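Subject: Structure handover

Hello,

The structure is placed below, and my notes on it follow. Please read them alongside the coordinates.

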Amino acid sequence: MNSKTSSFLLFCSSKFKYYELSDDEKKNFYISCFGVHMRPYHALSATPEESKKKLAVMNLDNPLNKKKVIETVCSTPTGEDILESFDVYSTCIENNRDEFNFMELGAGFGRWSVIARNIVRKIKPNLKFYAVAIEAEPKHFRMMKTFLDDNDTEDTIKAIHGAVTQGNEKYLEFASANYAQREKLDSINWWGQAICAPGKGMYKVKAYNLSKLLEEKEIWDLLDLDVQGSEADILIPNKKILDKKVKKLHIGTHGRDLETQLKAAFSDWIIINDYKCGNYKKTILQDTPFGKISFGDGILTLKNPNF
């Protein structure tokens, strides 16, 4: 373990501010790493019947009481999360500007946008933070809106309901994987919906061109993707604008062939993390600076040499 990883673990053990939970709220909320207020979103990954019960208990319409701010040590991230957290942390440490811009594609309920906000706020309180979080699945997007409100993001995080494309499509179609359809898993208990061929989708969503999204800011510090197999289709055609505008990519990978394509296309970028993906049936145990970690999705972190 080097000095950077040691410093990061020390940072994880520092105190973070959050809103104090009442006894009633403790039934529906908990505080995760970096002072993030969580409803049991991840508990939704269960059988359809169990997930619907948990979603009902979660009560997305029940607002969090935000009266009292307290401070305490929170849990340290584990598994793949520790590498993603470290990418946010190290990118913030490297930032020498007066703002930190973050974009999350395939954001789910927006967890990493809020984690990034809290990490940046802790390390550099005067740094202006801004994020764009994009999610296509309607129920997940609703969860995101509640999650962002729970964490008092105000105007620091912009939520967009849609999917990212490299082209000029107005709409994209989405469906669950064959496995999920066979097991009758829907968006309440399955987080792997992906772009599919026209006419094959469960629903349509508005499409957003990545290059146009990037035009909003001169520089993006970190682009975080978990787009269920579309990572190469989105990133490779946009490499020229990524070269100019994005300092670092954190890519959740969903296929060995995609990992190969991305590394070939971005061969001039510096590889920070390169961990092979497994699948929903079998994870892969791999050595990392934080010890052995089991990977379902792979992780490819690339640093732009132009910055």
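Helix 3 (residues 80-94) packs with helix 4 (residues 111-123) at an angle of about 45 degrees, their axes being 10 Å apart. Helix 3 is therefore oblique to helix 4. On the terms used here: axes are lines fitted to C-alpha atoms, for helices over the stretch in contact, and angles run from 0 to 180 degrees between N-to-C directions. Angles under 35 degrees count as roughly parallel, over 145 as roughly antiparallel, 65 to 115 as roughly perpendicular, and the rest as oblique. Helices (H or I, at least four residues) and strands (E, at least two) are DSSP runs, numbered from the N terminus.

On the helix 3 side, the residues in contact (heavy atoms within 4.5 Å) are Asp 81, Glu 84, Ser 85, Val 88, Tyr 89, Cys 92 and Ile 93. They meet Arg 111, Trp 112, Ala 116, Ile 119, Val 120 and Ile 123 of helix 4. By class, this contact between helix 3 and helix 4 has nine nonpolar, one polar and three charged residues. Here Ala, Val, Leu, Ile, Met, Phe, Trp, Tyr, Cys and Pro count as nonpolar, Asp, Glu, Lys and Arg as charged, and the others, Gly among them, as polar.

This is a predicted model: local features need pLDDT of at least 70, side-chain atom pairs count only at pLDDT 80 or more, and totals for chains, interfaces and linings use all residues. Residues are numbered from 1 along each chain as its sequence is written, and side-chain values use heavy atoms, with hydrogens and water left out.

Helix 3 also packs with helix 1 (residues 3-12), at an angle of about 100 degrees and with the axes 11 Å apart. Helix 1 and helix 3 are therefore roughly perpendicular to each other. From helix 1, Lys 4, Thr 5, Ser 7, Phe 8, Leu 9 and Phe 11 meet Ile 82, Ser 85, Phe 86 and Tyr 89 of helix 3. The contact of helix 1 with helix 3 has, by class, six nonpolar, three polar and one charged residues.

Buried residues (under 20% relative accessible area; exposed means over 50%, partly exposed in between, with a 1.4 Å probe and protein chains only) make up 52% of the 307 residues. Among contacts between residues at least 6 apart in sequence, 75% join residues at least 24 apart.

On cysteines: the structure holds zero disulfides, a disulfide being a pair of cysteine sulfur atoms within 2.5 Å. For Cys 12, which is in no disulfide, the nearest cysteine sulfur is that of Cys 33, 7.5 Å away. Cys 12 is buried, at 3% relative accessibility. Cys 92 is also buried, with a relative accessible area of 0%.

Some single residues follow.

Ile 134 is part of strand 6 (residues 128-135) and is buried, with a relative accessible area of 2%. Not counting residues up to four places away in sequence, Ile 134 touches Glu 104, Leu 105, Gly 106, Ala 107, Met 144, Ile 160, Gly 162, Ala 163, Val 164 and Leu 213. Its C-alpha atom is 8.0 Å from that of Gly 108, 26 residues apart along the chain.

Which residues other than glycine have a positive phi? Phe 34 is one, with phi near 65 degrees, and Glu 154 is another, with phi near 50 degrees. Phe 34 sits in the loop between strand 2 (30-32) and strand 3 (36-38) and is buried at 2% relative accessibility. Glu 154 lies in the loop between helix 5 (138-150) and strand 7 (157-161) and is exposed, at 64% relative accessible area.

Gly 278 is in the loop between strand 14 (270-275) and strand 15 (284-288). Leaving aside neighbours within four places in sequence, Gly 278 is in contact with Ile 284, Phe 295 and Gly 296.

Thr 260, in helix 10 (residues 256-265), is exposed, with a relative accessible area of 54%.

Regards
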